[in-house]
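Hi,

Here is the structure I said I would pass on. Have a look at it first, and then read on for what turned up in it.

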Amino acid sequence: MIEYLNHFFSIYNQLLCLNFLLFVLLAIKTRKKTHLILMVYLLVIVVIQFYSGYLAFQGIHNTHISHFYFVLQFLILGYFYYNIFNQTFQKNIIKYSMILCLLILGVQYAIYPEMYFKFNNLEIFLTSYLLIIYSLFHFYNLLSAKKSFLYLNIGVFFYLFGSTVLFLLANLSIVVDLKGINAILNKVLFLFYHIFIFIEWIQLYLKKGKLNPKKVIHGI
Amino acid sequence: MEYDSSEIISAVIYTFTAFFLMSLAILIFVYYSRKKIIEQEIKNRDLEIEHQKTLINAVIQTQEKERNRIAQDLHDDISSGLNVVSINCHMLKTPGLDTTEQDKITDTILDLTSRVLHSSRRIAHDLLPPVLDKFGLNAGILELTEDFNKTGKVSIDYKNQADFSKIPTESHLHIFRIIQELINNSMRHGKATKIAISFTEESGQTVLKYVDNGCGFDTNEIENQKGLGMKNIESRVSLIGAVYKITSEVNNGIAVEIKI
C-alpha cells in the first residue's frame, strides 16, 4: 500500500490533491453552492484517480472505471453550469440535453452490456461535447456580465476540447500509429487544467476579502 | 492486428463527424458572440450620448438660473434705486423749494446713486471679477479666497507653485469657475470650515488639489454625482482637456484632484 502511495503522488496527482484541499477550504469559508459543487467534483476525481491507479498498480483491469469518470464528470460539471446560468433558455438546454444523454447511454448499455468493460466511444464523445457546449454558453454570458468563473471555464474548455481531440485521434490509431504520444499529451492537458483550477481558486479566495471603504470617482 | 476496411472507414467517418460537430459549435459561438459584442457597443455609445445630453442640460439650467439671478439683482438693486432717484429728481423740479429741502433731496440723490453704482459694480464683479481679467488667474483666485476668508465662515488656504502661463488663457476662466463652484459646494452642502487649495507641477502636468473638511458624501450614491454643480465641474474639466478624481468619505470631507 505504501509503495502505491509513493507511486500515486506524481506531480499531476499532487496538484489534483492540492486543488481539492484548497476547494474544501474555500467551500467551508463561503458555503456557496457552486463552491461546494466544485469541491465534490474534485473529490470524485481524486477518488477515481486513486482507485484506478490502485487497480493498475495491482495489475487489474481498470477500464470500467473510465465510465464512472466520464459520467460523473458530466453530471457534476453539468449541474455546476446549471447553477451559474441565469437565462431559462440555457438552463433548459442543460436540463434536457443531460436527460437525453443519460437516456442514450442507458439504452446503449442495456442493449450492449459488454461495453462496460471497454472504452465507450459514444459516451466519451457525448459527455465531453455537451460540457464543451455548456462552457461555450458561459463564455457567451461572460461577454456582457461580470467576470465570474472565467479561468475555470477556460480550463474546462481547453481540457475537454483537447482531450476529445486526443481521444478522436486515438480512435484513428488503427490507421495511423501514434506511438503513445496521446498519453503524454493527455497528461499535459491534465496539468494545464488543474493549473487553471488553481488560478480560479486564487480569484475566488481573494474576492471575498476585498473591502472598499473609500471609493474613487474618475472623470473623463 | 488486422482491421476490416469497414472498421477503418467507420472510424474515419465517426472521427470526421465528431470534428465537424465541434467546429460547428465553435462557429455558432463566434457568430452569436459577435452579435452580442456589437449590441454592447451600441448600448455603450447610447449611454455616452445620454450622459452628454444631461451635461448640456445642466449647463443650460445653470445659465438660466444665472440669468434669473442677474435679472433679480438688476431689478431689486438697480431698477428700484434708479426709480427713487428719478422721483427725487422730479421733486427737485417743484417750484418754490427752499435751500434746505433742495440740499436734502440732492443728498438723497447722491446717496442713492452711489449705492446703485456700488450695486452695479458688485453685480459685474460677481459675474466676472475684473481682477481676474486684468491681473490674471493667480490674483483672481487670491482675491476670491480673501473675500471668503473675510466672511469668517470659512478659512481657505491657497498655495500656488505652478506656472499658469503654461495653460492656455481660455482655460483660466474655467479653472476659476471650477474653484468657485467647489467652494460654493463645500460651504453650502458640505458645511466645511477649512479648505485647502494648491497648485503643483507633477511630471509636466499642472495639478490642482482641493481638500475640505466638510461632511463629505458617499461616493457610492449616484444622486450625489447628479447635482448641478458637479455636472458643471465635469463639463468644464472636459472642456479644458483635464482629468478629475474625487475621493470622499462620509464625515471626512472631500478631496478633488484635477490634472491639467
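Before the contact numbers, one definition: two residues are in contact when they have heavy atoms within 4.5 Å. Also keep in mind that this is a predicted model.

**Chain A in outline**

With that cut-off, take the contacts in chain A between residues at least 6 apart in sequence: 71% of them join residues at least 24 apart. The chain has eight helices and one strand, and the order along the sequence is α-α-α-α-α-α-α-α-β. Of its 220 residues, 43% are buried. Its accessible surface comes to about 12200 Å², and 69% of that belongs to carbon and sulfur atoms.

**Chain B in outline**

Chain B has seven helices and five strands. From the N terminus, its elements run α-α-α-α-β-α-β-β-α-α-β-β. Here buried residues make up 32% of the 260 residues, and chain B exposes about 16500 Å², with carbon and sulfur atoms supplying 58%. For contacts with a separation of 6 or more, residues 24 or more positions apart account for 64% in this chain.

In soluble globular proteins, nonpolar side chains tend to be buried together. In this model, the largest nonpolar core has 64 residues, and the ones with the most contacts inside it are A:Phe23, A:Phe80, A:Tyr81 and A:Tyr134. Helix α6 of chain A (residues 121-142) gives the largest share of this core, 11 residues. There is also a second, separate core of 32 residues, which includes B:Tyr158, B:Leu182, B:Ala242 and B:Val256.

What does A:Phe23 touch, leaving aside its neighbours within four places in sequence? Its contacts are A:His35, A:Leu38, A:Met39 and A:Leu42, along with A:Ile197, A:Trp201 and A:Leu204.

**A nonpolar patch on the surface**

Some nonpolar residues of chain A sit on the outside instead. A:Ile181, A:Ile184, A:Leu185, A:Val188, A:Phe192 and A:Ile195 form a nonpolar patch on the surface, and together they have about 520 Å² of accessible area. One of them, A:Leu185, lies in helix α8 of chain A (residues 181-207). A:Leu185 counts as partly exposed because its relative accessible area is 38%, which falls between the 20% and 50% cut-offs.

Helix α2 of chain B (residues 99-127) has 29 residues and spans 42 Å from its first C-alpha to its last, close to the 42 Å expected at 1.5 Å a residue. Which of its residues are buried? They are B:Ile105, B:Ile109, B:Leu112, B:Val116, B:Ser119 and B:Ile123.

Helix α7 of chain B (residues 228-239) has 12 residues and reaches 17 Å between its first and last C-alpha, close to the expected 16 Å. Its buried residues include B:Lys231, B:Asn232 and B:Glu234 as well as B:Met230, B:Ile233 and B:Val237. After α7(B) comes B:Gly241, which has a positive phi, near 75 degrees.

**Salt bridges**

Over all chains, the structure holds 12 salt bridges.

- B:Arg69 and B:Asp73 meet through their side chains at 3.3 Å, N to O. They are four residues apart in helix α1 of chain B, so about one helical turn separates them. B:Arg69 is partly exposed at 31% relative accessibility, whereas B:Asp73 is buried at 16%. Both belong to a network of salt bridges that also links B:Glu66.
- B:Asp157 pairs with B:Lys159, with the closest N and O atoms 3.0 Å apart. Both ends are partly exposed: B:Asp157 has a relative accessible area of 37%, and B:Lys159 is at 46%.
- B:Lys259 and B:Glu257 meet at 3.6 Å, N to O. B:Lys259 is partly exposed, with a relative accessible area of 30%.

That is the tour; happy to go over any of it when you have had a look.

Cheers

Terms used. Residues numbered from 1 in each chain as written. Chains lettered and ligands numbered in written order. Predicted model: local features only at pLDDT ≥ 70, side-chain atom pairs only at ≥ 80, totals over all residues. Heavy atoms only, no water. Core = buried A, V, L, I, M, F, W, Y, C linked by side-chain atoms within 4.5 Å. Buried < 20%, exposed > 50% of the residue type's maximum accessible area, 1.4 Å probe, protein only. Helix = DSSP H or I, 4+ residues; strand = E, 2+ residues; numbered from the N terminus. Expected span 1.5 Å × (residues − 1). Patch = residues over 30% accessible without salt bridge, like charges linked within 9 Å, V, L, I, M, F, W, Y side chains within 5 Å. Areas by Shrake-Rupley, 256 points an atom, 1.4 Å probe, with all protein chains shown as cover. Salt bridge = Lys/Arg side-chain N within 4 Å of Asp/Glu carboxyl O.
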